[in-house]
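Here is a walk through one model, going from sheets to cores to ring contacts. Have the viewer open and follow along.

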Amino acid sequence: MKSTYLVGIILTIIVGSFFNWILCCEAVNVTSDKNQEIVSPKESTPLVNPMVIKDSTGDFNYTTNDNYNFNKSDFVILRPLGEGVDKGVDELKDYINQNNGKFININGFYSISEKNNSAFPNLGMARANAIKNHLIAQGVSSKKINTSGDLKPDLVIQDSDSIYIGPVSFVISSDSDFEDAEAIVADIIKNPIVLYFETGESTIKLYKDQKAKYMNIVKALDKVDNISVHIIGYTDNTGDTANNITLGKERAEFIKAYLVRNGIPAGSIETLSKGEEDPVANNSTIEGRAKNRRTVITIKKESSKI
């Protein structure tokens, strides 16, 4: 009887151990499967419209999925910038600063459906100039940067937000684009931009040919030392002389604000008013007074007197 009881106990222990081994192995397998799910690699984010900076005559090559982005019909860079853009700018700055014969060419793009509300001939140029100013703020010399703008039909856009993704290209080359800068300065001094106002008004927009001259002013400021933008406001002889001085100054300040919004540093612009002084036409006629209500935008050399 005791032997039978002892055998039963032994069988119970053996069977229990067997099932415990089975359940333990299953638990280990389940834990292993769960751990496998946790460490599974995530799929990489596909490149949408990467920022690519290449040296056409060297070995610099940088690519990031981040880029400079803009709202439709606008030239203000959307913030914050991605880490890839910041890293790329730092590497570009170091490369450009260490290679005297290297220059960065920024070509901005725009689509036919966009409106150009900038002072530049096209929105692509305005975007390239905005990026240029960002590079300058990060320590890249303006003399090392060339800008241009082109129409491009296949720009990448987020339809839901009307945001253009990276409408710009970058190429490093050995072209300084400096040869005609001095000639541009001489031409602007000889043929300044002249803007006309209605009686009592101080607001205005640039026309196509004036935008081309504005682009030349920006280029000259980038490439030539010791120059600044000089804005003089004039009026006709209607009204009080003191009020006309004030009105002329308001017109000059309006143009200054317009130029600052379009990328010229405020410290590079000087404004003054001559009111009804120095008329260019007869104030006794409607046509003459219209010509006298003007603001002149020119370039001032440090050694010159205006």
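β4 and β5 run parallel and are joined by seven bridges. Within that pairing, Tyr110 has Leu151 in β5 as its bridge partner. Keep in mind that this is a predicted model. The two strands belong to an open sheet of five, ordered β2-β1-β8-β4-β5, with mixed pairing. Which strands stand at the edges? They are β2 and β5 (145-151); each has a single partner strand, so one side of each is left without a neighbour in the sheet. From one strand to the next, the twist averages 15°.

At the other end of the order, β1 and β2 run antiparallel, with four bridges between them. Met51 stands opposite Thr64 in β2. The two strands make a hairpin, with five residues between them. β1 also pairs with β8 (residues 168-173), this time in the parallel sense and over three bridges; here Lys54 has Val171 in β8 as its bridge partner.

## The four-stranded sheet

There is also an open sheet of four strands, in the order β9-β12-β10-β11, and its pairing is mixed. β9 and β11 (269-275) are the edge strands, each pairing on one side only. Direction ignored, neighbouring strands of this sheet are turned by 20° against each other on average. β9 pairs with β12 in the antiparallel sense over four bridges, and Leu195 has Thr295 in β12 as its bridge partner.

Helices lie across these strands. α6 lies across β9, β10, β11 and β12, and runs at about 155° to β11.

## The nonpolar cores

The largest nonpolar core has 33 residues. Those with the most contacts inside it are Tyr214, Ile217, Val229, Ile231, Leu259, Ile264 and Ile297. At least two residues of this core come from each of α3 (123-137), α4 (181-190), β9 (193-196), α5 (208-223), β10 (227-234), α6 (241-261) and β12 (294-301). Which element gives the largest share? That is α5, with six residues.

Leaving out residues up to four places away in sequence, Val229 touches Ile217, Leu221, Leu259, Ile264, Ser268, Ile269, Glu270, Ile297 and Thr298. Apart from this core lies another one, of 24 residues, among them Tyr68, Ile96, Ile131 and Val168.

## Rings and charges

The structure holds four aromatic pairs. One of them is Phe60 with Tyr95, a tilted pair at 4.9 Å centre to centre and 35° between the planes. This pair links distant parts of the chain: Phe60 is in the loop between β1 (51-55) and β2 (61-64), and Tyr95 is in helix α2 (residues 83-98), 35 residues apart. Both Phe60 and Tyr95 are buried.

Another is Phe120 with Tyr214, an edge-to-face pair with 5.1 Å between centres and 80° between the planes. Phe120 lies in the loop between β4 (103-110) and α3, and Tyr214 in helix α5, so the pair ties together parts that are 94 residues apart in sequence.

Arg127 lies over the face of Tyr164, 5.4 Å from the ring centre. Lys152 has its charged end over the ring of Phe109, 4.6 Å from the centre of that ring.

Conventions. Residues are numbered from 1 along each chain as its sequence is written. This is a predicted model: local features need pLDDT of at least 70, side-chain atom pairs count only at pLDDT 80 or more; totals for chains, interfaces and linings use all residues. Side-chain values use heavy atoms; hydrogens and water are left out. A nonpolar core is a set of buried Ala, Val, Leu, Ile, Met, Phe, Trp, Tyr and Cys residues joined through side-chain atoms within 4.5 Å. Buried means under 20% relative accessible area, exposed over 50%, partly exposed in between (1.4 Å probe, protein chains only). Contact means heavy atoms within 4.5 Å. Rings of Phe, Tyr and Trp (its six-membered ring) pair if their centres lie within 6.5 Å; planes under 30 degrees apart count as stacked, over 60 as edge-to-face and the rest as tilted. A charge sits over a ring if NZ of Lys or CZ of Arg is within 6 Å of the ring centre and within 35 degrees of the ring normal. Two strands pair if DSSP finds at least two bridges between them. Axes are lines fitted to C-alpha atoms, for helices over the stretch in contact, and angles run from 0 to 180 degrees between N-to-C directions.
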